[in-house]
Amino acid sequence: MVSDLEMSEPTDERNDALRAGTPAPAFELKSTPDESVRLDDFIGRRLIIAFYPADWSPVCTDQMALYNEILPEFQRLGAALVGISIDHAWCHVAFARSRNLHFPLLADFHPKGEVAQAYGVYDDEIGMSERALFVIDEEGVIGWSHIAPIGVNPGADGILAALESMAAAPVPA
Amino acid sequence: MSVVFERPRLTVPVSERDHVLGPATAPVTLVEYGDYECPFCGAAHPIVKQVRQVMGDDLRFAYRHFPLSQIHPHAYQAAEAAEAAGAQGRFWEMHDLQFANQDRLGPRDLIGYASTLDLDLERFVTDLRSHAYAGRLREDFLSGVRSGVNGTPTFFVNGMRHDGGYDLETLLEALRAEL
């Protein structure tokens, strides 16, 4: 059994993703053409951020569909979920509708990839974010991060283990 | 990338709680996490049947539910229906009927299959209405999530996730490698 600490150790030398213990960089991104979501909206709750390369791509679609199903379990563990990619809010709206997604997809569109860069997970060569996961605690500090190879769906096991290992789980209202 | 990924392992081993075909003493156990409305699972269904035929008593097969209900609106109730049929001893017959009729999994269709299988319909409908097997479905789903099931179908061969294809040849090769 790998300990949670070891799980949060990045194993890839190219991994510049912000680590556990780092304050999560603030952001304000469009979730729809006329609504924005800010990191501060989640203070007092846990937040899972799933950076993914692109709406509609097969692996991203499977990954988002999986998280959509697991959403009640995330909520039971006191966590909200957002997805972030470089797609425009209009694209997110269509993608979310087609997959019946129940969590916000945020548009890291302009300036392109700025938030992904702040979290250390922007891949400049391909012009998209990497497939990266962050679990942020109630105070806005990163509790766990993970980068998966771009073609691999990282699943939800690591997120659930991180949420469970974070102390003092809040009681859902 | 330099990351080496270990293949995920099945976190909840096959036990009496599972729906199982084949002898408990078989040297190879194949576990499938599936969704009755998923076309890929539908395609895998006859392959699993062939694999079971070829492997005979060397194979034990177990099926667990992993309905992606936000994409497949009938998948969850179909899984409940399989469990409700299972409570009356006809899990596998319902399982086969549903995979054979993936685009007909509405409530009336399910009751029709229950009737075909000569089930106690009153009990079947009560089980569906009361979501009698919701706890079991959640157990299956979470055991899948914790074992690295990221979509359907996902197979495990003797407890290790099978990351190869599930055409007859590839699946048989993976199973025979365990003999």
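This report walks through some features of a predicted model, starting with chain B and then moving on to chain A.

## Chain B as a whole

Let's start with the big picture. Chain B has seven helices and five strands. If you follow the chain from its N terminus, the elements come in the order β-β-α-β-α-α-α-α-α-β-β-α. The radius of gyration of chain B is 16 Å, and the globule rule gives 16 Å for 179 residues, so chain B is as compact as a globular protein of that length.

Of the 179 residues, 42% count as buried. Now take the contacts in chain B with a separation of 6 or more: 76% of them are accounted for by residues 24 or more positions apart.

## Two helices packed together

To describe two packed helices, you give the angle between their axes and the distance between the axes. In chain B, helix H2 (residues 75-87) packs against helix H3 (residues 91-100) at an angle of about 150 degrees, and their axes are 7 Å apart. Angles over 145 degrees count as roughly antiparallel, and H2(B) and H3(B) are therefore roughly antiparallel to each other.

Which residues make the contact? On the H2(B) side you'll find Ala78(B), Ala81(B), Ala82(B), Ala85(B) and Gly86(B), while H3(B) brings Phe91(B), Glu93(B), Met94(B), His95(B) and Gln98(B). Sorted by class, the contact of H2(B) with H3(B) has six nonpolar, three polar and one charged residues.

## Where the chains touch

## A hairpin in chain A

Over in chain A, have a look at strand S8 (residues 131-136) and S9(A), which pair in the antiparallel sense over six bridges. One pair to find on screen is Phe134(A) and its bridge partner in S9(A), Ser145(A). The two strands S8(A) and S9(A) form a hairpin with five residues between them, and Gly140(A) in the turn has a positive phi of about 90 degrees.

Is strand S9 (residues 142-148) of chain A mostly covered or mostly open? It is mostly covered, as seven of its seven residues are buried.

## Backbone details worth a look

Next come two cis peptide bonds. In chain A, the bond from His110(A) to Pro111(A) is cis, with omega near -5 degrees. You'll find Pro111(A) in the loop between strand S5 (105-107) and helix H4 (114-118) of chain A. In chain B, the bond from Thr152(B) to Pro153(B) is cis, with omega near -5 degrees. Pro153(B) has its place in the loop between helix H6 (134-145) and strand S4 (154-157) of chain B.

Two asparagines also deserve a glance. Asn100(A) is not a glycine, yet its phi is positive, near 60 degrees. Asn100(A) lies in the loop between helix H3 (89-99) and S5 of chain A, and because it has 13 C-beta neighbours inside 10 Å, it counts as partly exposed. Asn158(B), another residue that is not a glycine, has a positive phi of about 45 degrees. Look for Asn158(B) in the loop between S4 and strand S5 (160-162) of chain B. With 17 C-beta neighbours inside 10 Å, Asn158(B) counts as partly exposed.

Terms used: Residues numbered from 1 in each chain as written. Chains lettered and ligands numbered in written order. Predicted model: local features only at pLDDT ≥ 70, side-chain atom pairs only at ≥ 80, totals over all residues. Helix = DSSP H or I, 4+ residues; strand = E, 2+ residues; numbered from the N terminus. Rg over C-alpha atoms; globule rule 2.2 N^0.38 Å. Buried ≥ 20, exposed ≤ 12 C-beta atoms within 10 Å, placed from the backbone. Contact = placed C-beta atoms within 7 Å. Axes fitted to C-alpha atoms, helices over the stretch in contact; angles between N-to-C directions. Parallel < 35°, antiparallel > 145°, perpendicular 65-115°, else oblique. Nonpolar A, V, L, I, M, F, W, Y, C, P; charged D, E, K, R; others polar. Pairing = 2+ DSSP bridges.
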